[in-house]
Amino acid sequence: MLLIKCPWCGTRDMSEFSYHGEAHLLRPPAPAEVDDAQWGAYLFARKNPKGLHRERWMHAHGCRRWFNVLRDTRDDRIYATYRPGDSPPDVDAGDDNGENNGDNNPGNPT
Ligand SMILES: [Zn+2]
């Protein structure tokens, strides 16, 4: 059983939450001015790290608010949850398999 701490409601079972992919994605400010490759990268290219990953979750069966989770994909350990607009906390996952591992994805726009 995975427990997730909603920043507003506290710790609950993961069955109350829904996962919505990578966090901190920025929509191009002028979509009409980007080419198809840039738009496609915004829509579809996502990190798939083995290690720390910043994710968007929603407390679907609770307060229905969005928040972010910093989770290690190797063991599902959740290092932190934080409200949208807050900076992700600096954490040490204990090795070098951290946040930047997703950059090995050739389709990654960053
Ligand atoms: Zn909640």
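1. Cys6 is in contact with Arg12, His59, Gly62, Cys63 and Phe67, neighbours within four places in sequence being left aside; two residues are in contact if their C-beta atoms, placed from the backbone, lie within 7 Å. Cys6 and Phe67 are 61 residues apart in sequence, and their C-alpha atoms are 7.5 Å apart in space. Cys6 belongs to strand β1. Cys6 counts as partly exposed because it has 19 C-beta neighbours inside 10 Å. On the scale used here, a residue is buried if 20 or more other C-beta atoms lie within 10 Å of its own, exposed if 12 or fewer, and partly exposed in between, with C-beta atoms placed from the backbone.

2. Residues are numbered from 1 along each chain as its sequence is written.

3. On confidence, the protein has a mean pLDDT of 86, and 85% of its residues reach 70 or more; pLDDT is the predictor's confidence in each residue, from 0 to 100. Over residues 96-110 the pLDDT is below 50, and this stretch has 25 contacts in the model beyond near neighbours in sequence. Where pLDDT is low, the predicted coordinates should not be read in detail.

4. The protein contains 1 helix and 6 strands. Along the sequence, these elements follow the pattern β-β-β-α-β-β-β. Helices (H or I, at least four residues) and strands (E, at least two) are DSSP runs, numbered from the N terminus. Of the contacts between residues at least 6 apart in sequence, 55% join residues at least 24 apart.

5. Strand β1 (residues 3-6) and strand β2 (residues 10-13) run antiparallel and are joined by 4 bridges. Two strands pair if DSSP finds at least two bridges between them. A hairpin of 3 residues connects β1 to β2. Lys5 has Thr11 in β2 as its bridge partner.

6. An open sheet is formed by 4 strands in the order β3-β4-β5-β6, with antiparallel pairing. Its edge strands are β3 (18-22) and β6 (78-82), each of which pairs on one side only. On average, neighbouring strands of this sheet are turned by 30° against each other, direction ignored. For this angle, axes are lines fitted to C-alpha atoms, for helices over the stretch in contact, and angles run from 0 to 180 degrees between N-to-C directions. Within the sheet, strand β5 (residues 66-72) pairs with β6 in the antiparallel sense over 4 bridges. The bridge partner of Arg71 in β6 is Ile78.

7. Buried residues account for 10% of the 110 residues in the protein. The largest nonpolar core has 6 residues in all: Ile4, Leu52, Trp57, Phe67, Val69 and Leu70. Such a core is a set of buried Ala, Val, Leu, Ile, Met, Phe, Trp, Tyr and Cys residues joined through C-beta atoms within 7 Å. Two or more residues of this core come from each of β4 (52-58) and β5, and β5 gives the most, with 3 residues. In soluble globular proteins, nonpolar side chains tend to be buried together. Val69 touches Ile4, Glu55, Trp57, Ile78 and Thr81, residues up to four places away in sequence not being counted.

8. Ala60 lies in the loop between β4 and β5. Leaving aside neighbours within four places in sequence, Ala60 is in contact with Glu16, Phe17 and Ser18. Ala60 and Glu16 are separated by 44 residues in sequence and by 6.0 Å in space, C-alpha to C-alpha. Ala60 is partly exposed because 14 other C-beta atoms lie within 10 Å.

9. His24 has a positive phi of about 65° although it is not a glycine, and its place is in the loop between β3 and α1 (36-44). His24 is exposed, since 11 other C-beta atoms lie within 10 Å. Asp76, likewise a residue other than glycine, has a positive phi near 65° and is found in the loop between β5 and β6. With 9 C-beta neighbours inside 10 Å, Asp76 counts as exposed.

Definitions and conventions
This is a predicted model: local features need pLDDT of at least 70, side-chain atom pairs count only at pLDDT 80 or more; totals for chains, interfaces and linings use all residues.
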